[in-house]
Amino acid sequence: MIRTLYFLLEKEFRQIMRNKGIVRMLIIAPVIQLILLPLAADYSVKNISIAVVDNDHSTASQRLIGKITSSGYFKLTGYTGSYNAALSMVEQEKADLALQIPAHFERDLVRENSQKLYIAINAIEGTKANLGGAYLTSIITDFNDEIRVDWHTSGSSTGPDAPQISIASSNWYNPFMNFHLYIVPAILVTLVTAMAAMQTAFNIVQEKENGTIEQINVTPIKKYVFITGKMIPFLVLGIIIFTLGLIVGWIFYGVVSTGSLWVLYLSLVDYLFAMLGLGLLLATYSGTQQQAMSLSFFFINIFNMMSGAFTAVDSMPGWAQAIVSTFPPYHFIRIMRMVVLKGSGITDILPDLGAMFAIGLVLNVWAIVNYRKTA
Amino acid sequence: MITVTNIKKTYNKGQVTALKDISFSADKGELFGLIGPDGAGKTTLFRILTTLLLPDQGEANVNNYDIQKDYQQIRNCVGYMPGRFSLYQDLTVEENLNFFATVFGTTIKENYDLIKDIYQQIEPFKDRRAGKLSGGMKQKLALSCALIHKPSVLFLDEPTTGVDVVSRKEFWAMLKKLKQEGITILVSTPYMDEANLCDRIALIQKGEILSIDKPAGIVKAFPGDLYAVRASSTHRLLQNVRNYPNTATCFAFGDALHVTFKTPGSEPTALLDHLHKKDHPDVAIEKISPTIEDCFIHLLKN
């Protein structure tokens with residue numbers, strides 16, 4: 001049995017290494033993607049263009065504008081006296097935000113102790129609009145506080161101080177809110193996902209298309225030996241790609257795992273067991289590489305968008321979360337973030353490890369049963 | 001040896017019948033031919049006997065092993081060469097042979113004698129990828145791979161389709177040698193001329209066996225006399241012979257028409273006169289002995 005497996009593996013590796021195009025794609029493509037993708041998936045928005053409608057031209061309005069532009073997030077692209085002019089800049093996409101400072105802004109602020117500002121946001125780009133609006137609001141709140149402090153210290157205020165609650169937050173596990181630390185491990189998972197499921201499926205379907213699987217089936221090779229012989233090469237490839245990914249993440253983004261590498265690799269093998277099982281299952285349901293391609297594309301798209309790589313799973317409705325919890329990448333992304341950012345050990349990630357193993361077991365058994373039926 | 005009893009197989013949930021009630025047997029060391037056109041069910045039968053497919057009904061034994069219960073034993077002792085070239089195209093000639101030797105737990109060296117005559121012809125190209133071989137060489141490699149574990153039964157599904165005439169001749173010469181080694185061979189072919197090279201043949205059509213006999217026996221069973229009719233304008237001749245009242249069958253075979261008459265023992269002179277009248281001055285008729293193809297067409301007609 002071991003001998004047969006050895007010869008099968010020798011054959012598989014020989015075939016994979018001989019296919020130069022595939023080797024190049026499997027090694028170079030993930031490296032390039034891992035270098036490029038984190039640049040695009042950065043949620044810290046900068047260079048928001050803002051048009052200010054200043055109807056006051058006072059020290060207070062100048063001070064507010066100065067505070068906004070010096071924050072680093074905003075770029076002043078328009079300074080007009082008319083609201084309509086600013087709005088047309090938003091329409092022409094010359095500005096993302098329009099801020100209107102009403103006439104007598106300073107005077108009313110001093111006299112009536114309150115004043116209203118008006119913000120118009122271009123919401124076509126949701127993220128930018130949200131974050132831009134939030135940034136601007138927090139700057140204005142800050143500005144408001146400063147003014148209050150000024151008045152208090154100048155002693156002009158009467159009556160007792162209004163109690164104030166100040167909130168100080170500190171970001172645990174990622175103190176500088178380095179977005180790369182969060183996204184690089186997740187992107188690495190999506191790359192391993194694509195390789196593992198797709199390549200196993202294609203490889204087996206190729207044997208179907210070429211008829212070589214028939215020739216194998218009339219030999220005494222046992223089915224599980226044949227399947228093991230198919231899975232091990234892609235397990236090895238998966239580990240190589242993962243390792244390359246860790247190196248790229250370290251060199252280009254300075255992401256270094258806080259937790260143990262052994263925990264990461266153990267989880268990787270568990271994860272690949274599940275994903276190779278999926279590839280195997282897809283192969284049993286497809287007769288041609290085209291079918292295998294469409295099927296795996298469907299799954300990989302869903303996995304990449306829903307497994308929490310880019311958006312939080314917690315914000316999905318309950319039933320969607322239930323579905324997502326059956327996705328192996330969801331668990332592996334969780335594990336990756338816990339180990340890389342928090343330094344979690346085996347006991348912390350045990351629930352996710354167990355879930356992946358259970359899913360893997362189901363997929364593999366399903367695949368083998370279906371393989372028997374069809375072949 | 002092979003015994004097949006009442007094998008039935010349908011596809012698409014019974015909508016398409018591939019084999020209906022097939023029975024035959026081949027003895028040890030026999031070269032048994034399955035002769036029939038495309039779609040007759042030959043490949044289905046091969047796939048059932050090589051344990052790749054389960055029949056709907058019936059039983060079959062290969063080397064006294066049941067194809068359903070003892071499929072593991074059968075896989076150890078049969079060689080199968082599918083109709084389509086199905087070795088690894090991206091492995092070289094030698095790597096393919098080596099791979100199939102090792103999965104059967106043997107080596108090229110151990111059984112080299114058996115494949116020597118065949119393999120020697122492709123050995124100069126042993127470092128070439130199998131996908132880059134010519135049609136004839138591919139067949140030789142496939143046969144070598146099917147033989148490398150010294151099987152006692154060999155299944156060859158249309159081994160000579162798409163192979164040049166010289167290679168076909170060589171191939172059949174090799175089969176003869178293998179037969180002498182005591183290997184039972186089941187071979188299928190759409191070429192009628194190859195049928196004569198088998199010990200026994202089964203004529204198969206639309207999933208049914210029409211006749212099983214030695215090639216000579218099948219020819220002998222041809223009823224009545226067969227005549228070859230030749231003339232310069234073949235197409236017009238065909239129409240005229242077919243319209244002749246006493247013609248039972250008339251088929252074009254190359255440049256000649258093969259004709260049988262309705263009343264047994266009729267002389268061809270009447271037809272000759274008829275054709276002279278129909279403006280075929282150069283017409284010639286001769287009595288010929290029927291070929292397997294004639295017999296096959298005759299059986300199909302009935």
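Two strands count as paired when DSSP finds at least two bridges between them. With that in mind, welcome to this predicted model, in which B:Val229 stands opposite B:Leu257 of strand E13(B). Below are a few notes on the strands around that pair, on the cysteines of chain B and on the domains of chain A.

**Strand E11 of chain B and its partners**
- Strand E11 of chain B spans residues 226-230, and because 4 of its 5 residues are buried, the rest of the structure largely encloses it.
- One partner of E11(B) is strand E13 of chain B (residues 256-261), joined in the antiparallel sense over 3 bridges.
- E11(B) also pairs with strand E14 of chain B (residues 284-288), again antiparallel, over 5 bridges.
- On the E14(B) side, B:Glu286 is the bridge partner of B:Ala228.
- As a reminder, side chains in a regular strand alternate between the two faces of the sheet.

**Cysteines**
- Over all chains, the structure holds 0 disulfides.
- B:Cys250 is in no disulfide, and its nearest cysteine sulfur, that of B:Cys295, is 17 Å away.
- B:Cys250 is buried, at 4% relative accessible area.
- For B:Cys145, the closest cysteine sulfur belongs to B:Cys77 and is 18 Å away, so the two are too far apart for a bond.
- B:Cys145 counts as buried too, because its relative accessibility is 5% and the cut-off for buried is under 20%.

**Domains of chain A**
- Chain A is divided into domain 1, made of 2-41 + 177-374, and domain 2, which covers 48-154.
- Taken over C-alpha atoms, the centres of domain 1 and domain 2 of chain A are 49 Å apart.

Conventions
Residues are numbered from 1 along each chain as its sequence is written. Chains are lettered from A and ligands numbered from 1 in the order in which they are written. This is a predicted model: local features need pLDDT of at least 70, side-chain atom pairs count only at pLDDT 80 or more; totals for chains, interfaces and linings use all residues. Side-chain values use heavy atoms; hydrogens and water are left out. A disulfide is a pair of cysteine sulfur atoms within 2.5 Å. Buried means under 20% relative accessible area, exposed over 50%, partly exposed in between (1.4 Å probe, protein chains only). Domain bounds come from an automatic or database domain assignment. Helices (H or I, at least four residues) and strands (E, at least two) are DSSP runs, numbered from the N terminus.
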